[in-house]
Amino acid sequence: MEIQLKLYGSSKLLSNKETLDVLLPENSNIAKLRDVLVKIISDKNLKSNLQSLPSSAAFFSEKNEVINDNYKLKDKELISIIP
């Protein structure tokens with residue numbers, strides 16, 4: 001499945017666009033998204049700038065509600081990340 005991650009603040013270093021498309025296994029949650037972000041940051045050699053981002057960022061649903069690590073993501077969902 002794929003979600004769209006809307007970027008704010010320092011997370012904008014992850015893409016040259018306002019959003020980042022992230023591929024995740026089916027039935028993923030925010031905790032899995034955090035794990036995938038660790039890999040993306042490492043692959044893009046941004047570890048020095050964004051090392052703590054996956055563990056410290058807050059995530060928001062399309063309804064602007066804070067969502068926790070157990071929140072189950074849906075395919076094509078737009079999630080915002082706030083560093």
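The largest nonpolar core has 23 residues, and Leu-5, Leu-14, Val-22, Leu-33 and Phe-59 touch the most other members. A nonpolar core here is a set of buried Ala, Val, Leu, Ile, Met, Phe, Trp, Tyr and Cys residues joined through side-chain atoms within 4.5 Å. Please keep in mind that this is a predicted model, in which local features need pLDDT of at least 70, side-chain atom pairs count only at pLDDT 80 or more, and totals for chains, interfaces and linings use all residues. Residues are numbered from 1 along each chain as its sequence is written, and side-chain values use heavy atoms, with hydrogens and water left out.

**The core and its contributors**
- Leu-14 touches Leu-7, Leu-20, Leu-37, Ile-40, Ile-41, Lys-44, Leu-46, Leu-50 and Leu-53, leaving out residues up to four places away in sequence; a contact means heavy atoms within 4.5 Å.

**Overall fold**
- The protein contains three helices and five strands, where helices (H or I, at least four residues) and strands (E, at least two) are DSSP runs numbered from the N terminus.
- Along the sequence, the pattern reads β-β-α-α-α-β-β-β.
- The radius of gyration is 12 Å, close to the 12 Å that the globule rule gives for 83 residues, so the protein is as compact as a globular protein of that length. This radius is taken over C-alpha atoms, and the globule rule is 2.2 Å times the number of residues to the power 0.38.
- Taken along the principal axes, the C-alpha atoms fill a box of roughly 30 × 25 × 20 Å.
- Among contacts between residues at least 6 apart in sequence, 52% join residues at least 24 apart.

**Surface and charge**
- Buried residues make up 39% of the 83 residues; buried means under 20% relative accessible area, exposed over 50%, and partly exposed in between (1.4 Å probe, protein chains only).
- The accessible surface comes to about 5,000 Å², and 48% of it belongs to carbon and sulfur atoms. Accessible areas come from the Shrake-Rupley method with a 1.4 Å probe, and for residues only the protein chains shown count as cover.
- There are 12 positive and 11 negative side chains, and the centres of the two sets lie 3 Å apart. Lys and Arg count as positive and Asp and Glu as negative, while His and the chain ends are not counted; each charge is placed at NZ of Lys, CZ of Arg, CG of Asp or CD of Glu.

**Loop residues to look up**
- Asn-27 sits in the loop between strand S2 (19–23) and helix H1 (30–43). Its phi is positive, about 65 degrees, although Asn-27 is not a glycine, and the residue is exposed, with a relative accessible area of 57%.
- Lys-76 belongs to the loop between strand S4 (66–67) and strand S5 (78–82). Lys-76 is another residue other than glycine with a positive phi, near 70 degrees, and is exposed at a relative accessible area of 59%.
- Ser-15 is found in the loop between strand S1 (2–7) and S2. Ser-15 counts as buried, at 16% relative accessibility, and is in contact with Leu-7 and Leu-20 once neighbours within four places in sequence are set aside.

**A helix residue**
- Lys-47 lies in helix H2 (residues 47–50) and is partly exposed, with a relative accessible area of 49%.
- Lys-47 and Leu-7 are 40 residues apart along the chain, and their C-alpha atoms are separated by 17 Å.
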